[in-house]
Amino acid sequence: MKLKNIQIREANRSDFDDVMKIEKEAFGQDEEAEIVSQLLKDKSAEPVMSLLAFKDTEAVGHILFTKAKIEANEPSPSIYILAPLAVKPEYQRQGIGGMLINEGFKKLKEIGAEMVFVLGHESYYPRYGFKPNAGSFGFAATYPILDKNADAWMVYPLSSKWTNKVTGRVVCADALNKPEYWIE
Ligand SMILES: CC(C)(COP(=O)(O)OP(=O)(O)OC[C@H]1O[C@@H](n2cnc3c(N)ncnc32)[C@H](O)[C@@H]1OP(=O)(O)O)[C@@H](O)C(=O)NCCC(=O)NCCS
């Protein structure tokens, strides 16, 4: 069933408690909420794209895109990492995750972003256009991904020129730059 009356807008400071609640409920632990909190304070992640989905007046889903760079390219193409994506358990499997991804793509295109990367489920993100095995297109992850999980590191091209441009290792924002966050 697809839900109606879902509104998506950019999150602001006063939404912080709602964002934390969604992250904690979706993941059933505090770790992702803590990472989001760190990323929202992280200068190297700016400008972030933080979106909230509302069902009527209740905040039910959150997505965060943070700025990244392609190593040894100055200036780097405008690229982002999607992490994390969270929907409250009782609202999952109703299309809200997909709506947040698509709205994020739309807004990132508007600000001139060229690519979005994600490390995640290879049965989920390709539904929304992500290409598995970004490494095979020349984009190594910030920390090496095991060969058996290579497909989990994915790229979504926002611009048609993406493959003609630079390649290289994707360097994430400081708050994501820990090897333990890069195990799929
Ligand atoms: C993953 C998540 C964001 C998806 O949000 P959602 O609103 O349920 O997603 P959508 O409704 O757009 O898509 C649902 C489809 O994705 C599939 N799906 C959901 N979570 C999935 C997962 N972890 N792996 C593979 N497929 C998944 C469902 O099977 C469903 O497909 P179906 O209805 O055809 O069976 C949500 O389930 C969630 O918050 N999970 C916990 C947190 C998490 O794992 N986040 C992603 C890692 S960053």
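I started with the naming: helices (H or I, at least four residues) and strands (E, at least two) are DSSP runs, numbered from the N terminus. By that scheme A72 falls in the loop between β3 and β4. I noted that this is a predicted model, where local features need pLDDT of at least 70, side-chain atom pairs count only at pLDDT 80 or more, and totals for chains, interfaces and linings use all residues. Residues are numbered from 1 along each chain as its sequence is written.

I went through phi and omega next. Most residues other than glycine have a negative phi, and most peptide bonds are trans. What is the phi of A72? I got a positive value of about 60°, and A72 is not a glycine. I also checked burial, using C-beta atoms placed from the backbone: buried means 20 or more other C-beta atoms within 10 Å of a residue's own, exposed means 12 or fewer, and partly exposed is in between. A72 counts as exposed because it has 10 C-beta neighbours inside 10 Å.

N133 also turned up with a positive phi, near 60°, and is a residue other than glycine. I found N133 in the loop between β5 (115-119) and β6 (153-157). With 16 other C-beta atoms within 10 Å, N133 is partly exposed.

Then I looked for cis peptide bonds. The bond from E46 to P47 is cis, with omega near -5°. P47 sits in the loop between α2 and β2 (49-55). The bond from A83 to P84 is cis too, with omega near -10°, and P84 belongs to strand β4.

**Ligand shell**

How many residues surround the ligand? I have 18, and the closest are A26, Q92, G97, G98 and H121. For this shell, a residue is near a molecule if its C-beta atom, placed from the backbone, lies within 6 Å of it. I listed the elements that each supply at least two shell residues: α1 (16-27), β4 (79-87) and α3 (96-110). Which of the elements gives the most to the shell? That is β4, with five residues.

I sorted the shell by class and got nine nonpolar, eight polar and one charged residues. The classes: Ala, Val, Leu, Ile, Met, Phe, Trp, Tyr, Cys and Pro are nonpolar, Asp, Glu, Lys and Arg are charged, and the others, Gly among them, are polar.

**α1 against α2**

Two packed helices are described by the angle between their axes and the distance between the axes. For α1 and α2 (residues 31-41) I noted an angle of about 145° and axes 7 Å apart. Axes here are lines fitted to C-alpha atoms, for helices over the stretch in contact, and angles run from 0 to 180 degrees between N-to-C directions.

Who meets whom? On α1 I have V19, M20, E23, K24 and F27, and on α2 they meet E31, E32, A33, V36 and S37. The residues of this contact divide into five nonpolar, one polar and four charged. Contact means that two C-beta atoms, placed from the backbone, lie within 7 Å.

I then asked which residues of α2 are buried. They are E32, A33, I35, V36 and L39. They are on the same side of α2, because they cover an arc of only 160° around the axis, the arc being that of the directions from the helix axis to the C-beta atoms. The cover over the buried residues of α2 includes α1, β3 (58-70) and β4.

D30 is in the loop between α1 and α2. I logged D30 as exposed because it has 12 C-beta neighbours inside 10 Å. D30 and M20 are ten residues apart in sequence, and 8.6 Å apart in space, C-alpha to C-alpha.

I looked up Q7 in strand β1 (residues 6-10). Q7 is exposed, with 11 other C-beta atoms within 10 Å. Its C-alpha is 8.2 Å from that of L52, 45 residues apart along the chain.

T57 lies in the loop between β2 and β3, and T57 is exposed, with 6 other C-beta atoms within 10 Å. I have T57 and N5 at 9.9 Å, C-alpha to C-alpha, and 52 residues apart in sequence.

Leaving out residues up to four places away in sequence, I70 touches S76, P77, I79, V166, G168 and V170.
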